[in-house]
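Me: I have a structure to go through with you. Could we start with the ligand and then turn to the domains?

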Amino acid sequence: MQLSEILRGFGIGEYNPGASTGGQWGKTTDHGVITSRSPATGEAIGSVYAASHQDYEWVMDAATKAFTVWRSIPAPRRGEVVRKIGLKLREYKEALGRLVSHENGKILQEGLGEVQEMIDIADFAVGQSRQLYGFTMHSERPAHRMYEQYHPLGPIGVITAFNFPVAVWAWNALLAAVCGDVIVWKPASKTPLTAIAVQRIVAQVLHEQDLPEGIFNLIIGGGSTIGEAMLKDRRLPLISLTGSTPVGKHAATVVSNRLGKLILELGGNNAIILTEHADLKLAIPAVVFGAVGTAGQRCTTTRRLIVHEAILNSVQKALVHAYASLRIGDPLDPKTHVGPLIDTDAVRQFSEALEQVRHEGGEILFGGKVLSGPGYGSRCYVEPTLVTARNDWSIVQQETFAPILYLIPYTGDVRNAIALQNAVPQGLSSAIFTNDLRESEIFLSEIGSDCGIANVNIGTSGAEIGGAFGGEKDTGGGRESGSDAWKAYMRRQTNTINFGTELPLAQGIRFELS
Ligand code: UN1
């Protein structure tokens with residue numbers, strides 16, 4: 001499947017409108033142009049006319065109107081629409097997965113995996129549409145009944161990052177849709193074309209179902225214009241944002257100032273602990289996939305490896321051996337393990353981080369170079385890198401979105417490893433490899449990992465959609481995807497009904513009118 005054919009299939013041309021309410025697209029052409037370049041080749045794939053304020057108001061108008069219709073469609077009927085979106089995504093899995101690889105640079109297996117995550121969450125959301133349960137309680141008053149229910153929240157803002165250009169939308173939008181919300185999506189400016197493709201897929205379903213404009217909306221523009229307008233907009237009671245911790249902190253300030261709700265999925269600085277009792281046959285591939293998968297650009301990427309000193313040498317050797325076998329190159333080539341970074345800015349950050357590591361005294365065990373020459377003309381390719389480090393170095397405390405793995409030894413008890421793992425500002429994902437029951441249970445206990453995700457004998461990345469996804473501390477505290485994450489997309493209401501003939505007050509208060 002050629003790129004030109006994929007683009008044609010999604011109706012993506014050389015220049016594309018940057019705003020849509022479903023089947024309709026904005027007309028703005030004079031507000032600047034965002035050009036999407038392949039990180040693999042550096043070539044332009046297509047351009048988008050950045051949305052203007054007028055486009056934003058047009059989209060918000062459509063969303064606000066659509067909400068009054070969508071919220072009253074029974075939830076299982078909304079689920080049926082999401083089921084059809086899931087079926088359409090199955091039809092387009094190959095084309096969309098390839099487009100993700102072209103635009104984002106992740107290898108094809110991961111591009112396809114990302115679309116699979118969209119399909120999985122669609123199926124999950126369909127089931128959820130019949131399970132938007134609240135509790136019922138026994139009232140303290142006679143002839144009274146209490147219960148709680150969940151209502152649609154409103155139009156919600158979804159701001160996504162380049163690294164999961166379509167899946168993160170799906171985790172939010174498809175759940176929010178069964179909850180009765182309408183969605184205003186601002187994708188990353190680095191990956192606008194995959195967003196347009198998704199919008200076109202969804203629009204087909206909406207059209208076939210005869211649904212109004214404004215349920216699934218797209219707005220592509222700068223963070224400082226469109227993003228900022230969304231953060232301030234009281235018509236969006238919830239903002240779900242995936243991005244860096246500094247961006248998240250800013251969003252939190254603006255949204256909290258208007259008492260809006262937030263789901264924040266921010267940076268991770270994820271560690272794997274290898275104890276003396278680790279099964280290295282499982283651990284080594286998990287570490288390598290976690291550290292170099294998506295070229296180190298997942299929030300869940302393994303950035304720190306905390307290794308017991310007794311096995312440090314054998315782990316280092318095994319890792320160097322594994323890293324030497326990695327094939328770096330064209331993400332669409334099925335043999336490639338590691339594609340390019342998103343752009344040359346990311347490459348600069350990779351080099352600067354390594355500069356700082358060297359300055360602190362770290363030793364590069366493998367990699368470290370920016371690649372050039374045939375096949376690497378975009379200058380976005382780097383070698384996956386292994387370095388020795390200390391956990392308290394300031395560079396190790398930060399998230400660098402690149403395939404750098406810090407090797408950090410520990411001695412003695414597993415508690416020492418856990419202390420190191422928790423001693424960073426972020427708290428997204430974590431893992432331990434051990435066959436010792438005590439070690440793994442300590443890791444999972446209240447004195448163990450402080451992260452939102454804690455795994456045993458699997459790596460830090462590649463979470464399934466069925467669990468709630470998100471993390472603590474500087475990761476922002478949000479949860480999306482599975483489990484009861486749906487509740488964030490609804491407004492909760494407690495109801496008390498008196499079916500008696502008296503008016504008893506709670507807490508036994510007497511209030512008698514004479
Ligand atoms: C992200 O990097 O933003 O667990 C999310 C994983 C994926 C999600 C990553 N399911 O790696």
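Me: How far is an oxygen atom of the ligand from an N or O atom in the side chain of Arg298?

Reply: The separation is 2.8 Å, which falls under the polar contact rule (a pair of N or O atoms within 3.5 Å; within protein, one must be able to donate a hydrogen and the other to accept it, and residues adjacent in sequence count only if both atoms are side-chain atoms). Please note that this is a predicted model, in which local features need pLDDT of at least 70 and side-chain atom pairs count only at pLDDT 80 or more, while totals for chains, interfaces and linings use all residues. Residues are numbered from 1 along each chain as its sequence is written, and side-chain values use heavy atoms, with hydrogens and water left out.

Me: What about Asn163 and Ala463?

Reply: Asn163 places a polar side-chain atom 3.2 Å from an oxygen atom of the ligand. For Ala463, a backbone N or O atom lies 2.7 Å from a ligand oxygen atom.

Me: Which residues are around the ligand?

Reply: They are Glu117, Asn163, Phe164, Trp171, Arg298, Cys299, Thr300, Ser461, Gly462, Ala463 and Phe469, each with a heavy atom within 4 Å of the ligand.

Me: Now the domains. How is the chain divided?

Reply: Domain 1 covers 3-266 + 476-493 and domain 2 covers 270-464; the bounds come from an automatic or database domain assignment. Their contact (heavy atoms within 4.5 Å) takes 21 residues from domain 1 and 23 residues from domain 2.

Me: How much area do they bury between them?

Reply: About 1,800 Å², with 59% of it on carbon and sulfur atoms. Buried area is the accessible area (1.4 Å probe) that the two parts lose on being put together, summed over both. On the domain 1 side, Pro39, Ile107 and Glu110 lose the most area to domain 2, together 27% of what that side buries.

Me: How many salt bridges are there between the domains?

Reply: The count is 2, a salt bridge being a side-chain nitrogen of Lys or Arg within 4 Å of a carboxyl oxygen of Asp or Glu. Glu110 forms a salt bridge with Arg298, with the closest N and O atoms 3.1 Å apart. Arg298 is also among the residues around the ligand.

Me: And how many salt bridges in the whole structure?

Reply: The search finds 23. One of them joins the side chains of Glu383 and Lys369, at 3.7 Å from N to O.
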